[in-house]
Amino acid sequence: MSLDGRTALVTGASSGIGRATVEVLVARGARVIAAARRRERLDELAEHSASIRPLPMDIRDHTAVDAALASLPEDWRQVDILVNAAGVRAGDGVLQDSSPDDWEAMIDTNVRGLLNVTHAVLPTMVASGRGHVINIGSNGVRFPYRTGAVYLATKAAVNLISTGLRMDLKGTGVRVTHVVPGLVRTEISLVRFGGDAARAQAYYDGRPSLEPGEVAECIAWAAAMPEAVEIGEILVYPTGQM
């Protein structure tokens, strides 16, 4: 399961599944470009390994994405594995009571951001005849819930983008994997509940949940498959989740 010699770019690397993915990929031998907006968290993460290169970047802005990637040293620009882990769940109201600002935050990060980074990285992958795009979705698309209309719509878009991208890349040697987790214990609930830590913690109480590192292990497994093997989708749930 070694990823020796591979260079990965992970978005959302400052916390949750993104941060855990950076750690797991480095442990497998990859060099990792850790991208997120919170520079201080990226710098702290990079202190753990010389194989981590922090890259502060706002994925919602395509010109900022292009500029950030262009700022990398030449030997870091060939990305072999892209993990689109950045995501946000803003607000927890029903649609009629929710904020358009929250809608924009989710659409811009979960959809537009994923497209911006993927679009920037794909040309070099296609030119080299190899590469792997791994997108993080949500089990909520299969089992919708109240107050999730906009968030789940963005994750449904990730599902369809992954499928369409696989079709667009046919014959190029570039693989696409859609990872679909069930409930994962991350900071996304803290953002969802407006920074209310007690409410965020209570949301997980009594519910089976995954740890970010467990999802990261699935990502690393898919990335380490032989190039002739394309894992189209991974459904991963905590044992006992309905």
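Glu-187 has a relative accessible area of 30%, so it counts as partly exposed; here buried means under 20% relative accessible area, exposed means over 50%, and partly exposed lies in between, with a 1.4 Å probe and protein chains only. The model you are looking at is predicted, so local features need pLDDT of at least 70 and side-chain atom pairs count only at pLDDT 80 or more, while totals for chains, interfaces and linings use all residues. Residues are numbered from 1 along each chain as its sequence is written, and side-chain values use heavy atoms, with hydrogens and water left out.

What does the side chain of Glu-187 meet in a salt bridge? The partner is Arg-38, at 3.7 Å from N to O. A salt bridge is a side-chain nitrogen of Lys or Arg within 4 Å of a carboxyl oxygen of Asp or Glu. This pair links distant parts of the chain, 149 residues apart: Arg-38 sits in the loop between strand 2 and helix 2 (39-46), and Glu-187 in the loop between strand 6 and helix 6 (188-192). Helices (H or I, at least four residues) and strands (E, at least two) are DSSP runs, numbered from the N terminus. Arg-38 is partly exposed too, because its relative accessibility is 31%.

The structure holds 16 salt bridges. One of them joins the side chains of Arg-31 and Asp-75.

Arg-77 forms a salt bridge with Glu-74. Here Arg-77 is partly exposed, at 37% relative accessibility, while Glu-74 is exposed, at 63%.

| Salt bridge | N to O distance |
|---|---|
| Arg-38 and Glu-187 | 3.7 Å |
| Arg-31 and Asp-75 | 3.9 Å |
| Arg-77 and Glu-74 | 3.4 Å |

Which residues are linked in a network of salt bridges? They are Arg-89, Asp-92, Arg-192 and Arg-199.

Finally, take a look at a glycine. Gly-171 lies in the loop between helix 5 (149-168) and strand 6 (174-181). Is Gly-171 buried or exposed? Its relative accessibility is 80%, so Gly-171 counts as exposed.
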